[in-house]
Amino acid sequence: MRILIADDHPIVRHGLKQVLANDPAATVVGEATNGDEALELARKVEWDMAIFDFSMPGRSGLDLLGDMKREFPGRPVLILSMHSEDVHGSRVLRGGAAGYITKESAPTELTTAVRKVANGGKYVSASLAEILASECSSDPQKALHEKLSDREYRVMWLLASGKQISDIAKEMGLSPSTVSTYRTRILRKLGLTSNAALVHYAVRHQLVG
Amino acid sequence: MNSATAAVVALEPEPQVTERLKANILLVDDEQKSLYALQELLSTLDENLMTAQSGEEALKLALKNDFAVILLDVRMPGIDGFETARLIRSRERSKLTPLIFLTAAADEMASMFRGYEVGAVDYLMKPVVPEVLTSKVSVFVELHRKNERLKESEDKLRRLAAHLISVREEERAHIAREIHDELGQVLTGLKMEVGWLAKRLKEPQLLEKTDSMGKLIDSTVQTVRKIATGLRPEMLDDMGLVAAVGWQAKEFQKRTGIRCRTKLPPEMKFDVDISTAAFRIFQEILTNVARHSRATRVDIELQVNDDHLKLEVIDNGVGIPEGAQTGRKSLGLLGMHERALLFGGQVSITGQPGHGTRVCVTIPTKARL
């Protein structure tokens with residue numbers, strides 16, 4: 001497996017090579033420090049897979065990915081990024097990348113990703129899979145919290161953020177008993193029985209943050 | 001305001017004794033000899049005197065020049081003085097130009113009211129008393145000069161504000177890049193080193209240490225990311241305004257529990273400064289929603305066509321109080337207006353107490369000022 005790597009930071013390139021060195025099947029055949037250099041290198045060297053940083057000086061990101069896919073359509077490009085998956089992840093995959101991994105997860109995920117991609121697969125981390133899944137469920141009616149009214153949703157959020165009924169009443173300009181009624185209704189709609197369960201629900205669905 | 005004015009002076013230490021620009025004065029009379037007489041009398045003021053012998057001619061000149069004051073003979077063949085005054089006043093450029101009527105006979109004083117109606121600021125009887133004429137005219141010339149200076153300083157303040165906005169934006173982008181790239185990459189490198197170490201360790205106690213080190217680095221990376229994004233969302237540069245607005249709306253809902261519904265056009269990129277202005281205005285609108293509106297829902301619509309972008313944000317909150325829309329009191333609102341104005345755009349805020357607030361931003365995407 002001949003691998004090209006491109007990253008403008010020597011420390012990251014060094015780290016990548018170290019991680020890849022653990023895999024006997026992988027050989028780094030070229031290093032580039034920016035996007036233009038990476039493209040240049042890809043034309044000169046024989047390679048099977050490329051691991052590129054998402055943001056580099058010069059040509060980078062989706063533009064560079066597009067160029068690579070155009071010139072070397074069959075060969076996989078794995079994108080590494082400083083940014084978390086929710087920002088660029090799904091766009092990068094749609095742009096034709098064989099995988100997207102954040103740099104902090106590289107030490108643990110890179111080897112797996114390289115193997116997966118080498119066998120013609122795509123690598124999607126667990127957290128990116130979750131994001132993709134939520135993007136796919138285009139029918140918003142499916143999620144229970146989508147059934148809440150706008151006001152119920154806000155009360156739910158405030159409860160999930162640890163606010164007391166009296167604080168919520170003050171913040172929303174409602175009476176405490178009205179807020180309590182809302183709370184009962186929210187729990188019923190979400191099929192929950194306690195505030196703790198509600199917090200859990202909100203965290204699991206990434207409604208608070 | 002004081003500090004801003006002081007900064008202008010510090011930035012551009014212009015000498016106060018600037019060259020005295022001559023003010024334009026227009027004299028209108030159908031009789032050549034009357035014009036000569038007026039010119040002679042006013043020559044002591046050392047201003048730029050222009051003359052016209054008919055209403056039409058006066059109108060033509062008023063369309064092309066700014067006059068400090070216009071002296072107008074009431075009785076003229078063709079378009080008379082009153083009609084000329086009305087026409088001059090109906091043009092945007094000359095709608096505030098002071099007019100002084102010249103009347104030859106006492107009986108014409110009866111028509112004085114008609115003169116005031118069409119915008120006269122004063123009357124002079126012919127034959128004019130030289131001292132009265134020059135002192136009246138010089139009052140208006142002085143007024144004109146003051147107005148010019150005011151306009152100039154307003155213009156300077158606006159340019160200064162624009163400069164400050166762009167400097168701050170550049171600074172933020174620069175700091176965000178430094179933090180995110182430099183610090184972030186070093187942390188990444190560190191994480192990889194720890195990972196390498198962990199692979200070679202067998203002792204559970206030591207592995208526990210490398211594990212906690214890894215976690216610590218991860219949370220630091222998160223913090224770095226949060227700081228950098230707060231300074232300037234990378235989305236804006238990488239993906240453009242449409243993606244950034246969508247992302248910001250999602251973040252806002254997560255952070256405040258106020259539901260956001262977005263209607264966005266396909267992703268596209270255009271001028272980064274305009275994108276930045278629109279994005280910052282959008283952030284300011286959301287800040288206001290979170291702070292004052294008590295809304296539970298925000299509808300966001302972004303439209304982009306060939307020559308302008310339009311961003312509409314409607315909330316269902318308590319509505320903006322009467323008179324607060326113009327931003328005369330709130331610096332945040334004033335900032336929104338200023339940012340849009342820099343690109344020839346505008347921000348309109350409408351709302352009724354109890355019925356939510358609607359903010360509409362339009363910015364031309366082609367012609368930059």
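**View 1. Where chain A meets chain B.** In this predicted model, 30 residues of chain A are in contact with 28 residues of chain B. Contact means that the C-beta atoms of two residues, placed from the backbone, lie within 7 Å. On chain A, the elements giving two or more residues to the side that touches chain B are α1 (10–21), α5 (106–118) and α7 (150–160). Helices are DSSP runs of H or I with at least four residues, strands are runs of E with at least two, and both are numbered from the N terminus. By class, this side of chain A has 13 nonpolar, 12 polar and five charged residues. Nonpolar covers Ala, Val, Leu, Ile, Met, Phe, Trp, Tyr, Cys and Pro; charged covers Asp, Glu, Lys and Arg; the others, Gly among them, are polar.

**View 2. Helix α3 of chain B.** This helix spans residues 55–64, and its buried residues are B:Gly55, B:Ala58 and B:Ala62. They fall within an arc of 60 degrees seen down the axis of α3(B), so they line one face of the helix. The arc is taken from the directions from the helix axis to the C-beta atoms. B:Lys60 and B:Lys64 are exposed on the other side of α3(B). A buried residue has 20 or more other C-beta atoms within 10 Å of its own, an exposed one 12 or fewer, and a partly exposed one a count in between, with C-beta atoms placed from the backbone. The buried residues of α3(B) pack against β1 (24–28), β2 (48–52) and α4 (81–90) of chain B.

View 3. Seven bridges join β7 (residues 297–304) to β8 (residues 308–315), and the two run antiparallel. Strands pair if DSSP finds at least two bridges between them. A hairpin through three residues joins β7(B) to β8(B). B:Val298 stands opposite B:Asp315 in β8(B). Seven bridges also join β8(B) to β10 (residues 357–364), again antiparallel. There, B:Leu311 stands opposite B:Val361 in β10(B).

**Numbering and model.** Residues are numbered from 1 along each chain as its sequence is written, while chains are lettered from A and ligands numbered from 1 in the order in which they are written. Because the model is predicted, local features need pLDDT of at least 70 and side-chain atom pairs count only at pLDDT 80 or more, whereas totals for chains, interfaces and linings use all residues.
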